[in-house]
Each structure stands twice: as C-alpha cells, then as structure tokens.
Amino acid sequence: MKAHALRERGQASIDYVGAIVLVAVVITGLVATGAAASIGQNVASGVCTAVSPLTNATCGGSSDIGGSDDPSGPSLADQAYAGDYVALGDSYSSGEGAGDYVENTNSDDATKEWFNDLPVDLWPGEPRVNVCRRSANAYSGYVFANGEFAGDYHFGACSGAVASDYYEDNHSGNDDEGPQREHITDDTSLITLSMGGNDFGFADVMAECVKRGLGLGAACGPDATEDAHASIDEKVDELIQMYQDLEEDAPDDARILVVGYPRLFPEDPTGPTWGIAQRDQTWINDLGTYANDAIREAIAESGTRIEFVDVTDALEGHESGTSEPWLHDLTFGVDGGNWLMPVSSNSYHPTAEGQQAIGALVHDAVENGGERP
C-alpha cells in the first residue's frame with residue numbers, strides 16, 4: 001500500500017513560551033505515547049492545567065469516537081437521532097441481493113430497448129432503466145427501524161455506485177439518479193456510506209476468479225496481487241477528497257459513518273466453491289482486508305470526524321460456501337427484466353439475513369460510536 005503519513009491524534013495544542021518549553025514537551029510526549037498508566041495521565045493533566053495560563057494549552061482528552069466533548073451534551077445516539085437519516089453508497093448499502101426492492105429501482109429494460117431498435121413497434125412505451133436496487137432489507141432500513149429518529153429516512157444508495165456518483169448524476173445512466181450528496185440537508189443528523197468496492201474493481205476481480213475456476217486461465221490469486229493492490233492504492237486520494245467534501249456538506253453536528261465490507265469466504269476455506277479455488281478464496285479475503293485498510297487510511301488522512309464501522313466478521317459462519325450462507329454465491333437468473341444478462345448481479349452480495357447482520361453492527365456504532373482511524 002502506498003506510504004501515506006497518518007495524522008497524529010490526541011496531542012494537546014501547545015504554544016511554547018520561554019522556560020515552559022521543557023514542561024510542554026513532557027506533556028506532549030505523555031499524551032502522544034498514549035501512556036496507559038493512569039498516574040501518568042493524571043500528572044500530565046495536572047501539569048497542563050498549571051501552565052495553561054502561560055502556554056494556552058488545551059487540557060483534557062477528546063473523544064475517540066466523535067460526539068460532544070461536553071459530558072452534559074447529547075449522547076452519541078441522541079446526536080445521530082436528532083434529525084434525518086441519509087443512507088448513501090453502493091450495492092452493499094442499497095441492499096442488492098436482499099430483495100423487496102423499492103418501486104422503480106429494479107427496472108432494467110435493456111431487452112425492451114433492443115426491441116425498440118427494430119423497425120416495427122413490438123413493445124410500446126418508453127423503456128426505463130434504474131437498477132439501484134434499494135432494498136427494504138438493507139442495513140440502513142434496520143438502523144432506521146431500531147433508532148428513535150426525530151426525522152425521516154432518505155435512501156440514496158445505488159448498486160454499482162462509484163465515488164464520482166457522490167458528485168454527479170449516476171455514471172451508469174440510471175433514471176432519476178442525481179448526485180448522492182443532494183440527499184444531505186440542514187436537517188440531516190446521521191449519514192452512512194459504503195463506497196469504494198466498485199472503484200477498487202472488486203467486480204472485475206470476482207469475474208476473473210470465476211473464469212480461472214472454469215479453466216479459462218484468467219488471472220486471480222497471488223499472481224494478481226500487485227495489480228490488485230495498485231488498483232486500490234490509486235483510489236485512496238479520491239476517497240480522501242470525497243470524505244472531506246462529505247464532512248463539508250453535512251451539518252456540523254451530524255454524525256458520519258463509513259461502513260466497510262464483510263469477508264466473503266470462511267477464514268479457513270475447506271475446498272472450492274462455485275468455481276473459486278480454496279487458495280483464491282483466501283486471497284480474496286486478504287484483498288478485502290487490504291481494501292478495508294485503505295478505507296481506514298483514507299479516513300485518517302482526510303482529517304475529518306468520520307467514523308469507520310468494521311463489518312469484516314458480519315457474515316461469520318455464513319460466508320459463501322458454508323451450509324447456511326448469508327451471501328449469494330455465483331447466481332444465474334434475470335434481474336429487473338433484462339433477459340440479456342444471464343448472470344445475476346445478486347452474486348456475492350448479502351441476503352436479507354446478511355444485511356441484517358451488517359445492520360446490527362452499524363446500529364451498535366450509531367449507539368456507541370464507531371472507530372476513529
């Protein structure tokens with residue numbers, strides 16, 4: 001992964017004044033090293049307080065998980081529930097594969113468009129294409145149903161979304177899909193976002209691995225590691241910018257949670273599944289870890305208040321290839337009425353049970369705080 005300098009956290013901001021320099025350095029060293037001994041923290045706090053009139057030091061720690069620094073202020077949950085909930089992102093946020101799709105978000109009239117190109121009118125009416133596949137079973141629906149929100153639920157996630165869709169009309173041409181950022185308003189109190197998987201090229205990786213399993217000689221596994229890592233690394237800066245713009249778009253007191261991606265296969269695969277070899281399953285899992293770490297890195301480097309929700313183990317015991325998977329294996333069938341696509345886009349996406357498992361982890365982060373990389 002590219003070497004990006006991670007920002008240091010938790011250090012007091014100190015103006016060095018004359019003879020106080022040495023004391024200030026000691027305070028900074030204690031806080032920066034995260035000294036575990038409470039006596040060390042107490043000494044640092046006491047000295048900081050004593051010299052603060054001279055140094056203008058800010059004494060006392062800040063929360064590692066966001067929320068108000070004022071103990072008498074709203075809790076993390078109250079802060080999130082104070083207004084509207086806006087759910088943005090890609091297929092893992094929209095609920096692709098979880099069924100029960102919102103009206104007009106599972107309509108792919110590519111077949112109809114093909115008929116419309118014929119010289120005779122065999123299928124009247126205008127074709128419509130919107131395959132965002134927003135599911136009532138998506139994790140955001142679980143979060144909203146289990147939270148005491150003062151406002152409404154705005155669902156802007158779309159299957160296939162990439163980072164540019166945050167800023168612009170949907171890049172795939174889905175009807176009526178403007179920039180995802182437009183869902184954020186002054187009433188927004190919570191934003192969740194899963195984004196990056198499509199930018200990283202995970203769909204291509206899975207396709208190549210399946211081809212390899214079918215004996216077509218495509219690149220997958222350790223032989224493809226360098227290229228796969230490079231495709232992720234080159235997107236980190238784009239994510240950093242999006243996170244900074246996301247924070248700028250959100251109200252100052254809104255909480256922002258970026259949700260990672262779950263592990264697709266068991267930690268210790270026991271054999272091939274749906275054309276993906278055992279060693280390639282392990283490799284895909286490792287690539288997922290690399291991708292989640294890249295997202296963490298981007299959050300850290302963005303310098304924002306964004307919290308990360310690690311859902312790596314959300315499907316544990318129910319990954320692809322297990323006896324009761326909460327994830328679709330390679331699936332064939334018709335999606336949204338498009339008979340020209342034999343492989344279902346549900347493939348390797350969570351089922352309703354998988355989305356609920358992710359939702360439980362996101363809900364816990366809403367209530368208790370997410371990770372601050």
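Valine 86 stands opposite histidine 154 in S4. The structure is a predicted model, in which local features need pLDDT of at least 70 and side-chain atom pairs count only at pLDDT 80 or more, while totals for chains, interfaces and linings use all residues. Residues are numbered from 1 along each chain as its sequence is written, and side-chain values use heavy atoms, with hydrogens and water left out.

The chain has 11 helices and 7 strands; helices (H or I, at least four residues) and strands (E, at least two) are DSSP runs, numbered from the N terminus. Of its 373 residues, 47% count as buried, where buried means under 20% relative accessible area, exposed means over 50%, and partly exposed lies in between (1.4 Å probe, protein chains only). The accessible surface of the chain comes to about 17600 Å², of which 51% belongs to carbon and sulfur atoms; accessible areas come from the Shrake-Rupley method with a 1.4 Å probe, and for residues only the protein chains shown count as cover. Among contacts with a separation of 6 or more, residues 24 or more positions apart account for 74%; contact means heavy atoms within 4.5 Å.

### The sheet

An open sheet is formed by 5 strands in the order S4-S1-S5-S6-S7, with parallel pairing. Strand S4 (153-155) and strand S7 (307-309) are the edge strands, each pairing on one side only. From one strand to the next, the twist averages 20°. Two strands pair if DSSP finds at least two bridges between them.

Strand S1 runs parallel to S4, to which 3 bridges join it. S1 also runs parallel to S5, and 6 bridges join these two strands; here the bridge partner of tyrosine 85 is leucine 190 in S5. Strand S5 (residues 188-194) is joined in turn by 4 bridges to strand S6 (residues 255-259), again in parallel, and leucine 193 has valine 258 in S6 as its bridge partner.

Why is S1 largely enclosed by the rest of the structure? The reason is that 6 of the 6 residues of S1 are buried. Both of its faces are covered, with Asp84, Val86 and Leu88 buried on one side and Tyr85, Ala87 and Gly89 buried on the other.

### Cores and helix H10

The largest nonpolar core has 49 residues, and those with the most contacts inside it are Tyr243, Trp283 and Ile295. A nonpolar core is a set of buried Ala, Val, Leu, Ile, Met, Phe, Trp, Tyr and Cys residues joined through side-chain atoms within 4.5 Å. The elements giving two or more residues to this core are strand S1 (84-89), S5, helix H7 (202-213), helix H8 (225-233), helix H9 (236-249), S6 and H10. H10 gives the most, with 9 residues. In soluble globular proteins, nonpolar side chains tend to be buried together.

Leaving aside neighbours within four places in sequence, isoleucine 295 is in contact with Met195, Phe200, Leu239, Tyr243, Val258, Tyr261 and Phe308. Another core, of 21 residues, lies apart from the largest one and has Tyr85, Val143, Phe155 and Ala314 among its members.

Asparagine 292 is found in helix H10. At 3% relative accessibility, asparagine 292 counts as buried. Not counting residues up to four places away in sequence, asparagine 292 touches Gly260, Tyr261, Phe308 and Thr312.

### Aromatic pairs

Rings of Phe, Tyr and Trp (its six-membered ring) pair if their centres lie within 6.5 Å; planes under 30 degrees apart count as stacked, over 60 as edge-to-face and the rest as tilted. By this rule the count comes to 9 aromatic pairs. Two of them are listed below.

| Pair | Geometry | Centre to centre | Angle between planes |
|---|---|---|---|
| Phenylalanine 144 and phenylalanine 149 | stacked | 5.2 Å | 25° |
| Tyrosine 166 and tyrosine 167 | edge-to-face | 5.2 Å | 90° |

Phenylalanine 144 is partly exposed, with a relative accessible area of 26%, whereas phenylalanine 149 counts as buried at 13% relative accessibility. Tyrosine 166 counts as buried at 1% relative accessibility, and tyrosine 167 is partly exposed, with a relative accessible area of 27%. Ring pairs also link Tyr81, Tyr85, Phe144, Phe149, Tyr153 and Phe155 into a cluster.

Note on methods. Axes are lines fitted to C-alpha atoms, for helices over the stretch in contact, and angles run from 0 to 180 degrees between N-to-C directions.
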